Protein chains: 2
Amino acid sequence: MNRILAVGAAALLFAAQLAADPLPSWADTEAKARIIEFVQSVTDPDSADYVFPADRIATFDNDGCLWAEQPVYFQLVYALDRLRERAEADPAILTSEVLEAAAGGDVKGMLAGGKEGLMEVLAVSHAGMSVEDFQADVLAWLESARHPTTGRRYDAMIYQPMLELLQYLRAEGFQTWIVSGGGVHFLRAFAAETYGIPPQQVMGSAAPTEYRVIDGVPTIVKLPGIEFMDDKVGKPVGIDSRIGKRPIFAAGNSDGDFQMLEYTMAGAGPRFAMLVHHTDAEREFAYDRDSHIGKLERGLDEGPQRGWLIVDMARDWNTIWPAD
Amino acid sequence: MNRILAVGAAALLFAAQLAADPLPSWADTEAKARIIEFVQSVTDPDSADYVFPADRIATFDNDGCLWAEQPVYFQLVYALDRLRERAEADPAILTSEVLEAAAGGDVKGMLAGGKEGLMEVLAVSHAGMSVEDFQADVLAWLESARHPTTGRRYDAMIYQPMLELLQYLRAEGFQTWIVSGGGVHFLRAFAAETYGIPPQQVMGSAAPTEYRVIDGVPTIVKLPGIEFMDDKVGKPVGIDSRIGKRPIFAAGNSDGDFQMLEYTMAGAGPRFAMLVHHTDAEREFAYDRDSHIGKLERGLDEGPQRGWLIVDMARDWNTIWPAD
């Protein structure tokens with residue numbers, strides 16, 4: 001009975017904390033009120049909008065939604081860091097102009113190589129090893145790398161208000177998912193620890209992999225290339241493939257999330273879609289229509305009339321980063 | 001407090017039932033003892049083999065493991081039923097010899113068309129519609145179709161001992177998954193109701209899909225072809241892609257499951273692999289090395305020395321089918 005009592009006591013304590021304020025880092029604006037109102041309406045068994053726990057699926061973009069994405073996607077920083085280190089040890093690996101540009105920190109020159117160029121860069125850091133070895137390397141990188149403007153660890157460049165939202169939804173019986181354009185193996189290296197989201201609830205873009213028995217050890221080996229792009233129309237396709245049901249809650253921040261939000265809102269019954277609008281140049285970054293990363297145009301134009309919540313970071317969030 | 005007390009009471013009741021016998025349809029043989037011993041060792045916090053609930057991943061093949069697969073895969077029966085009905089309404093759809101053979105019930109003639117022929121047949125019943133429409137059709141088929149030798153509904157051709165095993169594992173904190181060579185959308189149509197496994201824990205072979213906004217409604221449309229074969233080496237590849245961690249328990253019945261079991265057993269710590277051996281011609285079917293479906297040869301030869309449990313259906317199961 002001890003264990004059940006302990007579980008009960010923990011549940012009561014958490015319920016008390018939530019009752020106080022489930023989203024303490026959110027300002028008392030309309031955004032917070034709308035989120036709480038939605039969650040209450042779908043979790044109250046007496047509500048006409050009640051949704052069974054099995055259908056409480058919430059999907060979140062990662063870059064620019066759960067963690068920052070400026071001045072450049074963090075996964076690309078990892079790729080460039082690793083390419084540079086390997087080139088220092090063995091310059092012969094720089095077999096193309098694109099790789100030379102990338103190793104020299106010339107991101108523009110690298111991007112001039114288009115998608116093929118980017119694949120070349122990713123292949124050096126993301127392929128030819130086991131998933132376990134890759135993820136151990138990502139964790140080692142997170143230990144040492146620091147963000148150029150804040151000096152924070154990259155996995156501390158996460159949004160405290162979004163962490164609270166994830167926790168709040170889970171406490172209310174939601175299953176929280178990451179649906180990211182970033183690489184699925186990259187994300188899973190830290191998602192459980194950082195967001196409380198287990199690997200089986202993380203989907204992302206993916207390279208092909210291969211099953212090999214190496215010295216008697218069955219291993220999944222990462223190969224070069226891209227097999228699945230989890231962006232734009234790829235997001236609802238991936239959600240159908242991996243989750244098999246339409247979410248009732250979706251959060252993003254760029255036009256790459258448009259279709260995920262559109263797909264989510266089109267189901268029967270109550271639905272919630274939100275876009276994080278980066279409006280806070282002082283505490284984070286300010287960008288939208290003209291950004292080369294996280295471009296947000298169609299979502300700003302059509303989101304409000306579609307009933308989507310546009311979260312104004314500067315106005316709606318009291319805090320950006322978690323306490324150290 | 002009422003809700004917590006109710007949860008506690010339900011947990012106690014279930015615990016009492018389990019303590020009595022978690023696997024009542026299993027005979028009191030070594031098979032049952034080994035399963036229970038494994039589950040107890042990984043769930044006892046005082047055991048050296050204790051595994052945290054987050055890592056208690058159990059994967060199950062479907063055809064021949066959770067439900068029957070003779071005289072032919074049930075999904076193929078569905079495809080042929082639908083092809084025949086559509087050809088009766090419009091004979092012009094039979095545009096090839098393979099389709100004509102299939103519509104005439106000539107399975108051999110159809111299989112003579114190889115993989116391309118099978119794709120043609122599947123395209124008629126499995127493509128060109130939304131996922132929702134397809135799954136509604138599968139459910140309608142399950143309502144009316146009956147197995148040729150038992151007269152049972154196809155979704156009642158499931159193994160009672162395996163249902164108990166799924167429930168037992170879940171009660172002990174495992175997350176149960178289906179990893180099937182069958183089609184993922186087909187399986188998900190009935191997996192939650194039949195096995196208690198929600199769609200996001202069902203993986204299977206998959207056709208490509210496309211995101212389309214049809215008359216304003218965002219829809220996932222099934223396309224012809226095969227994008228992912230969830231069989232043999234595809235199983236561990238799919239497990240890495242969808243679950244992102246190595247299971248600690250895997251169950252199958254054919255050589256198509258070999259790599260899944262091999263991959264599962266290769267992780268650190270306690271692991272369990274089992275193969276259902278179809279030995280019961282009287283109550284079910286008896287087949288293994290020479291079967292055109294569910295061929296089991298390498299598993300029988302290598303399984304025992306690898307420590308895999310070979311379940312002898314005739315000896316180890318008191319009951320095959322659930323009560324009506």
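User: Is Leu166(A) buried or exposed?
Analyst: The model is a predicted one. A residue counts as buried if 20 or more other C-beta atoms lie within 10 Å of its own. Leu166(A) has 20 C-beta neighbours inside 10 Å, so Leu166(A) is buried.

User: In which helix is the place of Leu166(A), and with which residues is Leu166(A) in contact, leaving aside its neighbours within four places in sequence?
Analyst: Leu166(A) belongs to helix 8 of chain A, residues 160-171. Phe60(A) lies 106 residues away in sequence, yet its C-alpha is 9.0 Å from that of Leu166(A). Once neighbours within four places in sequence are set aside, the contacts of Leu166(A) are Thr176(A), Tyr195(A) and Gly196(A).

User: How many Å separate the centres of domain 1 of chain A and domain 2 of chain A?
Analyst: The domain assignment of chain A gives domain 1 as 23-71 + 153-316 and domain 2 as 74-144. Taken over C-alpha atoms, the centres of domain 1 and domain 2 of chain A are separated by 26 Å.

User: Which element gives the largest share of the side of domain 1 of chain A that touches domain 2 of chain A?
Analyst: The contact joins 19 residues of domain 1 of chain A to 15 residues of domain 2 of chain A. On the domain 1 side, at least two residues each come from strand 2 (175-183), helix 9 (184-188) and strand 5 (217-222) of chain A. By class, this side of domain 1 has 10 nonpolar, five polar and four charged residues. Its largest share, four residues, is supplied by strand 5 of chain A.

User: How are helix 3 of chain A and helix 6 of chain A placed to each other?
Analyst: The axes of helix 3 (residues 74-89) and helix 6 (residues 114-126) of chain A come within 9 Å and cross at roughly 75 degrees. Angles of 65 to 115 degrees count as roughly perpendicular. Helix 3 and helix 6 of chain A are therefore roughly perpendicular to each other.

User: Which residues in helix 6 of chain A are met by helix 3 of chain A?
Analyst: The contact of helix 3 with helix 6 of chain A has six nonpolar, two polar and two charged residues. Helix 3 of chain A brings Tyr78(A), Ala79(A), Arg82(A), Leu83(A) and Arg86(A), and these meet, in helix 6 of chain A, Val121(A), Leu122(A), Val124(A), Ser125(A) and His126(A).

User: Which helix of chain B gives the most to the side that touches chain A?
Analyst: The contact takes 29 residues from each of chain B and chain A. Of the interface residues of chain B, 100% are also interface residues in chain A, so the copies meet through the same surface. The side of chain B that touches chain A divides into 18 nonpolar, six polar and five charged residues. With five residues, the most is given by helix 10 of chain B.

User: Which residues in helix 11 of chain B meet helix 10 of chain B?
Analyst: The axes of helix 10 and helix 11 of chain B come within 7 Å and cross at roughly 55 degrees, and the two helices are therefore oblique to each other. Helix 10 of chain B contributes Lys235(B), Pro236(B) and Ile239(B), which meet, in helix 11 of chain B, Gln259(B), Met260(B) and Tyr263(B).

Methods
Residues numbered from 1 in each chain as written. Chains lettered and ligands numbered in written order. Predicted model: local features only at pLDDT ≥ 70, side-chain atom pairs only at ≥ 80, totals over all residues. Domains from an automatic or database assignment. Contact = placed C-beta atoms within 7 Å. Nonpolar A, V, L, I, M, F, W, Y, C, P; charged D, E, K, R; others polar. Axes fitted to C-alpha atoms, helices over the stretch in contact; angles between N-to-C directions. Parallel < 35°, antiparallel > 145°, perpendicular 65-115°, else oblique. Buried ≥ 20, exposed ≤ 12 C-beta atoms within 10 Å, placed from the backbone.
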